[in-house]
Amino acid sequence: FFDPIIKAGAAFYETAGALGKGEQVWVQVLIKGHQEVVPGDDIAKYLLLSNSHDGKGAVHVKFTPVRVVCRNTLNQAMELGPTLRVAHTMLMKDRLKDVGQAIKQINARFDELGASFCRFAAIQINTQRLNDYLQTVFPEPKRLSDERAYMRAKRQMQEDRDAAERLFKAGKGNDIKGVADTLWAAYNGVTEYVDFYKYRTGDGKWLETIWFGAGDAIKTRAFDAALKVAHSSNQPVGMA
């Protein structure tokens with residue numbers, strides 16, 4: 001059903017695969033053009049099409065921009081709006097009948113995301129604000145009757161915060177002028193940690209986790225927390 005946009009030259013099928021034993025298949029689509037958050041820090045505009053192989057579910061289309069310098073996937077930004085769901089019917093292609101309007105809507109959503117990213121880069125944060133941010137992203141675990149389980153959760157929470165704090169400074173691309181010591185660097189410290197360090201890359205569950213599972217939930221929380229900081233700031237919104 002996405003072929004009309006590909007044929008119009010507005011996007012390209014780039015890669016595809018399957019999760020688990022093939023019960024869910026996915027295709028990455030690269031939208032033409034890119035976004036620049038600050039000079040030297042570009043975002044590639046990706047969509048992720050996913051489909052349950054049994055035909056019972058809907059095709060989901062998620063916005064998954066990728067930070068080129070470190071390949072972080074920023075799919076949590078879908079919280080700005082619902083995923084597009086296309087039911088398995090003979091009318092699937094009708095959802096994209098007006099190709100020009102569909103392309104316009106896709107690019108408008110990416111413009112919204114890009115404006116948010118630029119706003120993050122315009123906000124300087126100090127150690128205290130970074131700590132406050134990471135406490136929101138990695139909250140205190142709920143008290144459990146199992147003391148050992150509770151203490152394990154506490155240790156994991158602290159490990160997550162410490163790793164994201166290190167990547168705030170040392171993460172790929174976070175030393176770029178205009179990125180260092182900003183909310184954008186803090187946000188990408190979290191996403192880089194989730195995508196490349198917290199879970200075992202190459203594991204069969206890795207992509208499922210960072211796109212749809214626990215990793216996606218953390219990145220969603222990181223984006224929402226950054227938006228709240230941005231909304232409480234007087235920094236202007238706009239693309240660089």
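Here are some friendly notes on this predicted model, point by point.

1. Let's begin with the overall layout. The protein contains seven helices and seven strands. Reading from the N terminus, the order of elements is α-β-β-β-β-β-β-β-α-α-α-α-α-α.

2. Next, how the chain is folded onto itself. The protein has 240 residues, and 46% of them count as buried. If you take the contacts between residues at least 6 apart in sequence, 62% of these join residues at least 24 apart.

3. Now look inside. In soluble globular proteins, nonpolar side chains tend to be buried together. In this model, the largest nonpolar core has 59 residues. Phe117, Phe120, Tyr133, Trp184 and Val190 are the members with the most contacts inside that core.

4. H4 spans residues 147-170 and H5 spans residues 183-198; their axes lie 8 Å apart and the packing angle is about 120°. On the H4 side, the contact is made by Gln156, Glu159, Asp160, Ala163, Ala164, Leu167 and Phe168. H5 contributes Ala185, Ala186, Gly189, Val190, Glu192, Tyr193, Tyr197 and Lys198. Sorted by class, the residues of this contact are nine nonpolar, two polar and four charged.

5. A second pair to compare is H3 and H7. Helix H3 (residues 127-137) and helix H7 (residues 214-231) have axes that come within 9 Å and cross at roughly 140°. H3 and H7 are therefore also oblique to each other, and their crossing is right-handed. From H3, Arg129, Tyr133, Thr136 and Val137 take part, meeting Ile218, Arg221, Ala222, Ala225, Ala226 and Val229 of H7. This contact of H3 with H7 has seven nonpolar, one polar and two charged residues.

6. Tyrosine 150 sits in helix H4. Its relative accessible area is 9%, so tyrosine 150 is buried. Beyond its neighbours within four places in sequence, tyrosine 150 is in contact with Pro141, Lys142, Arg143 and Leu144. Asparagine 188 belongs to helix H5. With a relative accessible area of 0%, asparagine 188 is buried. Leaving out its neighbours within four places in sequence, asparagine 188 contacts Arg67, Asn72, Leu74 and Asn174.

7. Arginine 71 is not a glycine, yet it has a positive phi of about 65°. Where is arginine 71? It lies in the loop between strand E5 (66-67) and strand E6 (72-73), and it is partly exposed at 43% relative accessible area. Aspartate 181 is not a glycine either, and has a positive phi of about 65°. Aspartate 181 is placed in the loop between H4 and H5, where its 29% relative accessibility makes it count as partly exposed.

Terms used. Residues are numbered from 1 along each chain as its sequence is written. This is a predicted model: local features need pLDDT of at least 70, side-chain atom pairs count only at pLDDT 80 or more; totals for chains, interfaces and linings use all residues. Side-chain values use heavy atoms; hydrogens and water are left out. Axes are lines fitted to C-alpha atoms, for helices over the stretch in contact, and angles run from 0 to 180 degrees between N-to-C directions. Helices (H or I, at least four residues) and strands (E, at least two) are DSSP runs, numbered from the N terminus. Angles under 35 degrees count as roughly parallel, over 145 as roughly antiparallel, 65 to 115 as roughly perpendicular and the rest as oblique. A crossing is left-handed if the near helix is turned anticlockwise from the far one by less than a right angle, and right-handed if clockwise. Contact means heavy atoms within 4.5 Å. Ala, Val, Leu, Ile, Met, Phe, Trp, Tyr, Cys and Pro count as nonpolar, Asp, Glu, Lys and Arg as charged, and the others, Gly among them, as polar. A nonpolar core is a set of buried Ala, Val, Leu, Ile, Met, Phe, Trp, Tyr and Cys residues joined through side-chain atoms within 4.5 Å. Buried means under 20% relative accessible area, exposed over 50%, partly exposed in between (1.4 Å probe, protein chains only).
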